[in-house]
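Biologist: Hey, could you walk me through this one? I'm new to it.
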Amino acid sequence: MFAALAMIGAGLFATGFVGKLEAQDRTSDDDGIAAKVMSLETLWNQAELAQDIQSLDHLLSDSFVYVDIDGSLLRNKTEFINSVTSRAEHIESIRSEAMLSRVHGDAVIVTGIYHEKGTLKGKPYYHHGRFTDTWVKEGSGWLCASSQATLMK
């Protein structure tokens with residue numbers, strides 16, 4: 001009986017140990033995925049600032065949905081990209097900070113704070129808000145499937 005209990009105990013220990021190793025491997029994989037998606041967030045800011053619609057086209061999923069800062073606009077990929085070159089405001093800088101990413105299989109949720117400065121009809125403006133972006137793995141790459149921004153006071 002003691003031998004049977006010892007074998008069960010050893011099996012449980014090994015299973016727990018293997019489970020921990022798998023979790024560690026997943027964590028290092030998740031860290032790499034998170035770092036890649038965070039770099040894509042930076043590329044998105046740069047592309048939007050430069051009005052680089054070709055880069056934006058490569059960063060956004062064909063099913064992309066954008067919810068504007070006050071919730072009044074819901075844009076698809078084409079509408080969002082067109083808005084980047086036809087907007088009334090002139091963006092001088094976009095900066096994200098306090099970004100956190102969470103990997104969930106083939107999806108990554110990024111939350112953070114953004115600062116946007118520019119001019120609108122010749123007058124300076126400043127937007128400070130929170131955002132949530134959802135990135136999904138499509139093929140061998142990561143694309144943003146949805147983005148939502150909310151102004152902060």
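Modeller: Here is a quick tour of the salt bridges and a hairpin. This is a predicted model, where local features need pLDDT of at least 70, side-chain atom pairs count only at pLDDT 80 or more, and totals for chains, interfaces and linings use all residues. Residues are numbered from 1 along each chain as its sequence is written, and side-chain values use heavy atoms, with hydrogens and water left out.

Biologist: How many salt bridges does the structure hold?
Modeller: Four, counting a side-chain nitrogen of Lys or Arg within 4 Å of a carboxyl oxygen of Asp or Glu.

Biologist: Which residues are linked in a network?
Modeller: Asp57, Asp62 and Lys77. Lysine 77 has its closest N and O atoms 3.0 Å apart with aspartate 57, and also forms a salt bridge with aspartate 62 at 3.0 Å, N to O.

Biologist: Is lysine 77 buried or exposed?
Modeller: Buried, because its relative accessible area is 8%; buried means under 20%, exposed over 50%, and partly exposed in between (1.4 Å probe, protein chains only). Aspartate 62 counts as exposed at 68%, while aspartate 57 is partly exposed at 37%.

Biologist: New topic: what joins β3 to β4?
Modeller: 13 bridges, with the strands running antiparallel. Two strands pair if DSSP finds at least two bridges between them, and strands are DSSP runs of E, at least two residues, numbered from the N terminus.

Biologist: And what sits in the turn?
Modeller: The hairpin has two residues between its strands, and glycine 105 in the turn has a positive phi of about 65 degrees. Further along the pairing, leucine 100 stands opposite threonine 111 in β4.

How values were computed: Helix = DSSP H or I, 4+ residues; strand = E, 2+ residues; numbered from the N terminus.
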